[in-house]
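Here is a short briefing for a reader new to this structure. Take a moment to look over the sequence and the model first.

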Amino acid sequence: MKRIAIAGLNGGENILAAKALATMCGYDLSISPSFSLTAIRYGLSMDMKVCQWPDSWVYCLGAFTERIVTEQRYGEKFVSDGSVLKELVWLKCRYPRVEPIYEQAMIHSLERVVAVYAAKNYDIIFHAEVLSETDTAGVCLRRLCETYHIPCRAIDFSDRENALQVVADCLQVTPKMSAAHSLSKALRELSSPAAVYSSGNPAEKPDT
């Protein structure tokens, strides 16, 4: 298993865990396209909080396109911070009940394309196991995985180091660096001015 994703953590924790795991296993890191860059590219509203239905749908489609292009470059060894399902879950949670029939059809059609891609292109998605009635994003992701038969395993991320080791053991990968050192390195690099960080990504609220 070499094409994997870390999902279900809040904000920068998702990126930190994915980056640390990539460092630990010697894999590439695939980071979500930031909302601001995607908005500029596709001429969308720059304020994600007031982003209306048309721009939200275009963002989701654009982010999916950007991500699969990036993942194809990495080939068979990468860790994704959330997977292509990240933006889809955001869209579904943002518009849980859309009245016009064509909007329902648009979300469902996009869901089928994105989820089928995920089922074919990810060996497994590791998801933070704590779910509650208010964790709509987590519930949505789990349902997608069940519906489209996407391999998904619940992991307790309350202890970062232990979680990374559990994931590495599941992948049957011999770590190139310890979990502690991988986390330390990831933290340093993400906090540096030159760090590639997806701040402003709407998938952070909610995250998947």
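This is a predicted model: local features need pLDDT of at least 70, side-chain atom pairs count only at pLDDT 80 or more; totals for chains, interfaces and linings use all residues.

The largest nonpolar core has 36 residues. A second, separate core has 31 residues. The structure also holds one cavity of 30 Å³ or more.

**Nonpolar cores**

- Within the largest nonpolar core, the residues that touch the most other members are Val84, Leu85, Leu91, Val114, Ile125, Leu144 and Ile150.
- Six elements each supply at least two residues of this core: strand S1 (3-7), helix H2 (35-42), helix H3 (53-74), helix H4 (85-94), helix H5 (101-121) and helix H6 (136-147).
- The second, separate core includes Ile4, Ala22, Met24 and Leu164.
- Val114 touches Phe64, Val84, Leu85 and Leu88, with residues up to four places away in sequence not counted.

**Helix H2**

- Phe35, Thr38 and Ala39 are the buried residues of H2.
- Viewed down the axis of H2, these buried residues fall within an arc of 100°, so they line one face of the helix.
- An α-helix has 3.6 residues a turn, so residues three or four places apart point the same way.
- The buried residues of H2 pack against H3.
- Leu37, Ile40 and Arg41 are exposed on the other side of H2.
- Gly43 follows H2, and its phi is positive, near 65°.

**Thr38, a buried residue of H2**

- Thr38 sits in helix H2.
- Its relative accessible area is 4%, so Thr38 falls under the 20% limit and is buried.
- Thr38 is in contact with Pro33, Leu44, Tyr59 and Ala63, leaving aside its neighbours within four places in sequence.
- Thr38 and Glu66 are 28 residues apart in sequence, yet 8.8 Å apart in space, C-alpha to C-alpha.

**Arg67, a buried residue of H3**

- Arg67 is found in helix H3.
- Arg67 has a relative accessible area of 1%, so this residue too is under the 20% limit and counts as buried.
- Not counting residues up to four places away in sequence, Arg67 touches Ser30, Ser32, Pro33, Ser80, Asp81, Ser83, Val84, Lys86, Glu87 and Tyr122.

**The second largest pocket**

- The second largest pocket has a volume of about 290 Å³.
- Its lining is made up of Lys92, Cys93, Pro96, Arg97, Glu111, Thr136, Val139, Cys140, Arg143, Leu144, Thr147 and Tyr148.
- H4 and H6 each supply at least two residues of this lining.
- H6 gives the largest share of the lining, six residues.
- By class, the lining of this pocket has six nonpolar, two polar and four charged residues.
- Leu144 is part of this lining, and Leu144 is also one of the residues that touch the most other members of the largest nonpolar core.

**The largest cavity**

- The largest cavity has a volume of about 60 Å³.
- Leu9, Glu13, Leu16, Ala17, Phe157, Arg160, Leu164 and Leu183 line the largest cavity.
- Helix H1 (12-25) and helix H7 (160-171) each supply at least two residues of this lining.
- H1 gives the largest share of the cavity lining, three residues.
- By class, the lining of the largest cavity has six nonpolar, no polar and two charged residues.
- Leu164 lines the largest cavity and also belongs to the second, separate core.

Conventions
Residues are numbered from 1 along each chain as its sequence is written. Side-chain values use heavy atoms; hydrogens and water are left out. A nonpolar core is a set of buried Ala, Val, Leu, Ile, Met, Phe, Trp, Tyr and Cys residues joined through side-chain atoms within 4.5 Å. Buried means under 20% relative accessible area, exposed over 50%, partly exposed in between (1.4 Å probe, protein chains only). Helices (H or I, at least four residues) and strands (E, at least two) are DSSP runs, numbered from the N terminus. Contact means heavy atoms within 4.5 Å. The arc is that of the directions from the helix axis to the C-beta atoms. On a 1 Å grid over the protein atoms alone, a cavity is a set of points where a 1.4 Å probe fits but cannot get out, and a pocket is an open set with protein on both sides within 12 Å along at least five of seven lines; lining residues have an atom within 4 Å of a point. Grid points are joined across faces, edges and corners, and a volume is the space filled by probe spheres set on the points. Ala, Val, Leu, Ile, Met, Phe, Trp, Tyr, Cys and Pro count as nonpolar, Asp, Glu, Lys and Arg as charged, and the others, Gly among them, as polar.
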